[in-house]
Amino acid sequence: VTHSVPACIGSMTINSKQLDNESPVSVFAVNKCYVTVQDGTFFDGSGFAALVREGYKVRSDVNITLEFRTTAVHGVLLGVSSAKVDAIGLEIVNGKVLFHVNNGAGRITAAYEPRGANSLCDGKWHKLQANKSKHCISLIIDGNLVQTDNPYIQSTSADTNNPIYVGGYPADVKQNCLMSKSSFHGCLRNLVLTKGQQAELFDFSRAFDLRGVFPHSCPGAEH
């Protein structure tokens, strides 16, 4: 076995002596145990998850669905960016959800602004769907649809071949369709990217880089 156990471990004794797990000599990718947990992945606000090391090709069409829970009004949800300008990005800025797409001709944005200032950042689960179909983009939050006009109708393909960064991204990585540098603090679950008839559910425990991300459980309430 070469991987860690996704579990809570407590009250460990060696030769009848209880180990002090409150002040360990070193810690790597260990979080506290929660009294109540929910399915999902916990982002502690300091890092990111990096998926698809070999590169994800957005191209003309992609449909992204996920659920999020946060009390923070800023945070990166997802970004895929080429070294040029082509990119997509999902983020929370001032309590609004923004979906940015650049097919090479210029960035366009679909913005969902909730009625209540912090109603998306209330610590409850919210459903998000972001769709790019050639030059058309739309965003659906909890069933509410936002569409936006795109003046660059000839430009239809976001030519990316880069990892998917979720919840944030490294300082040395360029993201052309994200304004925020704030890492997401909260929980995500059910991240699915669909191209045509092919839907891919992403398991965060299989990310090739995880920093400040705990893939197997979310605290039952914001702690």
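Helices (H or I, at least four residues) and strands (E, at least two) are DSSP runs here, numbered from the N terminus. Let us walk through the model with that in hand. It is a predicted model, in which local features need pLDDT of at least 70 and side-chain atom pairs count only at pLDDT 80 or more, while totals for chains, interfaces and linings use all residues. Residues are numbered from 1 along each chain as its sequence is written, and side-chain values use heavy atoms, with hydrogens and water left out.

With a relative accessible area of 42%, leucine 19 is partly exposed (buried means under 20%, exposed over 50%, and partly exposed in between, with a 1.4 Å probe and protein chains only). Together with Val5, Ile9, Met12 and Ile14, Leu19 makes a nonpolar surface patch of about 470 Å². Such patches are made of residues with over 30% relative accessible area and no salt bridge, with nonpolar side chains (Val, Leu, Ile, Met, Phe, Trp, Tyr) joined within 5 Å and like charges within 9 Å; the areas come from the Shrake-Rupley method with a 1.4 Å probe.

Next comes the annotated part. An unreviewed UniProt entry gives "domain: Laminin G" for residues 38-218, though such annotations may be inferred rather than shown by experiment. In the model this span is 0% helix and 55% strand, and its end C-alpha atoms lie 5 Å apart.

Now for the salt bridges, each a side-chain nitrogen of Lys or Arg within 4 Å of a carboxyl oxygen of Asp or Glu. The count comes to four. One of them joins the side chains of glutamate 67 and arginine 189 at 3.1 Å, N to O. Because glutamate 67 lies in strand β5 (residues 61-70) and arginine 189 in strand β14 (residues 185-195), the pair ties together parts that are 122 residues apart in sequence. Glutamate 67 is buried, at 12% relative accessible area, whereas arginine 189 is partly exposed, at 24%.

Another bridge links arginine 206 and aspartate 203 at 3.8 Å, N to O. Here arginine 206 is exposed, at 72% relative accessibility, and aspartate 203 is partly exposed, at 38%. Aspartate 209 and arginine 211 also meet in a salt bridge, at 2.9 Å, N to O. Both partners count as partly exposed: aspartate 209 has a relative accessible area of 21%, and arginine 211 has 43%.
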